[in-house]
Each structure stands twice: as C-alpha cells, then as structure tokens.
Amino acid sequence: MENTSPSSTFRKTVFSLAMSLALGSVVTPSYALDLMQSYELALKNDPIYRSASKDYEAGVENNGIGRSAVLPKVAAQYNQSTNRATQWGSQYTGGPQTSTNWSYPSNYSYVQLTQPIFSLEAFARWRQGVAQADFSQSKFIFNTQDLLIRVLQAYTDLLFSQDQLQFQTAERDAFYEQYKAAKKLNQGGEASITDMLEAEAAYQVADAKVVDAKDAVENARRKFNSIIGEPVEDISKVNKLSGNFRYLNLPTMRFEEWKEKALASNAELKAAENNMEIAKQEYRKNHAGHYPVVNLVGALTTQQSNTVTSINNTTNQSYVGVQVNLPLFSGGEINARSSQALANYEKSQADYDVTKDKVVTELRKQYDLVVSGKQKVQALSTAQESATQLVKSMRKSVLAGERINVDVLLAEKGLFNTRRDLAQTKYNYLVAYLKLNQLGGSLEVDDFEKVAIYFKN
C-alpha cells in the first residue's frame, strides 16, 4: 500500500521541486529575488542540504543490508591446477622401493547455498537495518524542514541588517545636527564647551555604529549567498516585506494539542526513537553470541583428478544438511560486548528524554512567540502611526518657527527605531510560525509558501 503519511508527502514535494529545478530554469539573483526563489536556489545549491541528501541516500541502503542477514547466501568457486607428484613405495611386499612421477591437471568447483534457520544475530541485524534506514529518513525530514527555516532566517537577517543600517544612519545624522547646533551655540556664547564636546562624542559613537551596521549587512549578505549558492551583489534587488501584513492561521491554538503533535510526529524525536531501536538491536546482536546458529546448507561439487589415485576420474557430489554452530567460550568477549551495548542502549533512552524535553521547551517558546507576536505587531503598528504623525507635526513646527531641524531629526530617529522594531517583530513572527510547525512535525513546503507571499512585490 502506498505511503501517504505527512512525512512522505513532504519528501515527495521536496524531491519533485528539486527535479523541476534540475530540468528547468531558476530565476537568478541578477533580477528581483523573492523568498520562494531563494528557497529554490537553496534546494539546488545549499551544501548542507546536498550533504543531507547524500547521507539519506546512503542511510536507506541499511534496509537492504539488514535484510540480507536473513536471506540465503549463494557462493561459487572454481579452481584449476597443474599438479606434479612423486609416489614412493614397493610394487609388492618385500620388493624394492621405487618412485613414480606424476604430472596431471585437476580442477574443482562448487556452488553452495546457506540459509539461516535460527540465528538471533541475523534477526537483530535485520531489525537494526530497518531502524537505521528509518533513522536516516527522520534525519532527512528534519534537514529538509531545517532548510526552509534557514532560508527564511538568512533572508530576514539580510533585510533586518538593512533596516538596522537605516536606523543607525538616521541616528548618526540626528547626532550630527545636534553637534552642529551645540558648536554654533558655543561660538555664540550660549553653550559651554562641555555641551559641544558631549554632542561631538555622541556623533562619533553613532558614526562608529554605522560602520558596524555596514559590516553586519555584508556578513548577512555572505551568509545568504552561501545558502542560495549564488552571489547577490545588489541587496536592493531582494524583495522587502510587503506592507499588507496579515496574520497566519494556526490549525489549533491550544498548546497541549501542539505538544501531542510534537510527541507523535516531530522529526527530531522520531530520529531519537530510531536511535533507541538501533541501540536495542545492537545489544540483541551481541547477546546472540550466547546462542547457537542453525543453517540449512546445500551444495553441488565437481572434482576431477583430485589425487594421484583418481587421475582422469571425475566425481560429482551434492548434499543438503543442517549446520549447527554452538559457541562455548570466547574469552569473555561476548559478555563484555553485551554489557557495552546494553549501556549504550540505556544511554540512548536518556538521550531521547533529553531531546523530548528540548523539543517541548522550544515548542512552548515558539508557540508563545507566535501568539504574542501578533499582539506585539499590532502595538508597534500603532506606535509607528504615532511616530509618523509626530514627524509630520515637527516639520510643520519647523516651518512655523517653533522647532528646529534637530527636533525633526530626533523625531525621525524615533520613527526609524519603531520601524526597525516592527520589522524585526514581523520577521520573528514568521520564523516562529515555521519553527512551531516544524516542532509540531507538520511543516510542509505549503507553509513556507504562505510565508513567501509576504515578500512578493
């Protein structure tokens, strides 16, 4: 029966998209680049994801490797030799010793089939191979989901670094105007040298922050380039967050339901479960050394001129039988390996508990970020409207002679600060939405597409 589980659907979606990228064309960063196009490029070029894909391909082969332990083995051998022999002896009792030299060809061939009938080690290897393949699948699902989050995180980090640069530039300009005003007042005797020096120091610090902000933009750009695999030289071609910001609908708002989903479907937890099963079968595999192994053995053999007494004689033989191997003493190796494997199994159980606690804790964090993020976006949106009105009022006051340009710049600084905080809150909200679905075990490419709409021009 065809597998239609969410993880199977997710893998099919990713693989079909990867195939379309391999056969079709991809929008390059020489044009406007949006979030979905960035993901398509990352799916093709990101080295972490490419490594994960090959690791998955290698891992699923453990299924066949494990299954081979309980399947029949067929071996064949053929040997052809040229023989020389010397035979010593007497022709009759009491007769003289004579020697006879022989030179003759011989050959030997056989085909043998071995089928395990009872082998606890073989059964453990089979189950362990299945668990190892499942582990690779769970790890790959986690990595494919992680790629979605890494692309969004790098994309929004790049945009936020630009927002931060814009804010720091506005702050520097405001402090510069303050410095010029303080300097003018000092020259007119209306301000002390201390006021002027304080204004100059504030300006210099703000100018240094602008340099740091430019470095942050470059660093974010390089991280983004490494994921999508293509250089983005002109950051202005990366689509910004659209102004029409709508809140995403969650399948459920109750945290307990999210927790149940995570415990049942989280890819990282699934991998930890698979790792426990691998460790359990490793223990059973080593403990099986205390038990006999029973095999069904059948063979066909052909021998020609096997010895000097059978020169030019051919012997065909076939047999079927049961082979029993019973371990008696191994120097304590089996006991030691069994104890070691048991300790590793118990360790994997503890590791699972650690992973479960980590997943639930992070799930609560991302759940709170999504729920509170909506309220924070609403509050900052209102604050942005107020700051915008304040800037307009300040400009009117300057025209009326009631305010000076420094007041306008300070108001604009506050506006840029609010805009920056609002943008960061929106970015964090979108990232938290994807992380919440990933932790809940339900993150799909469709969820990423819902977020990508926010960056369409």
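Start with the charged pairs: the structure holds 22 salt bridges, each one a side-chain nitrogen of Lys or Arg within 4 Å of a carboxyl oxygen of Asp or Glu. Before you click further, bear in mind that this is a predicted model, where local features need pLDDT of at least 70 and side-chain atom pairs count only at pLDDT 80 or more, while totals for chains, interfaces and linings use all residues. Residues are numbered from 1 along each chain as its sequence is written, and side-chain values use heavy atoms, with hydrogens and water left out.

**Stop 1: salt bridges**

Select Asp-55 and Lys-139, whose closest N and O atoms are 2.9 Å apart in a salt bridge. This pair links distant parts of the chain, with Asp-55 in helix α3 (residues 47-60) and Lys-139 in helix α5 (residues 120-187), 84 residues apart. Helices here are DSSP runs of H or I, at least four residues, and strands are runs of E, at least two, numbered from the N terminus. Asp-55 is partly exposed at 33% relative accessible area; that label sits between buried (under 20%) and exposed (over 50%), using a 1.4 Å probe and protein chains only.

Next, pick Lys-358 and Glu-268: another salt bridge, at 2.6 Å between the closest N and O atoms.

Now try Asp-421 and Arg-420, a salt bridge with closest N and O atoms 3.3 Å apart. Is Arg-420 buried or exposed? At 15% relative accessibility, Arg-420 counts as buried, while Asp-421 is partly exposed at 26%.

**Stop 2: strands**

Colour β1 (residues 73-90) and β2 (residues 97-118), which pair antiparallel over 18 bridges; pairing takes at least two DSSP bridges between strands. Zoom in on Gln-87 and you'll find its bridge partner in β2, Thr-100.

**Stop 3: nonpolar cores**

A nonpolar core is a set of buried Ala, Val, Leu, Ile, Met, Phe, Trp, Tyr and Cys residues joined through side-chain atoms within 4.5 Å. The largest has 63 residues, and those with the most contacts inside it include Leu-35, Tyr-39 and Phe-455. Centre on Leu-35: beyond its neighbours within four places in sequence, its contacts include Val-151, Leu-152, Phe-448 and Phe-455, counting heavy atoms within 4.5 Å. Apart from this core lies another, of seven residues, among them Phe-175 and Met-196.
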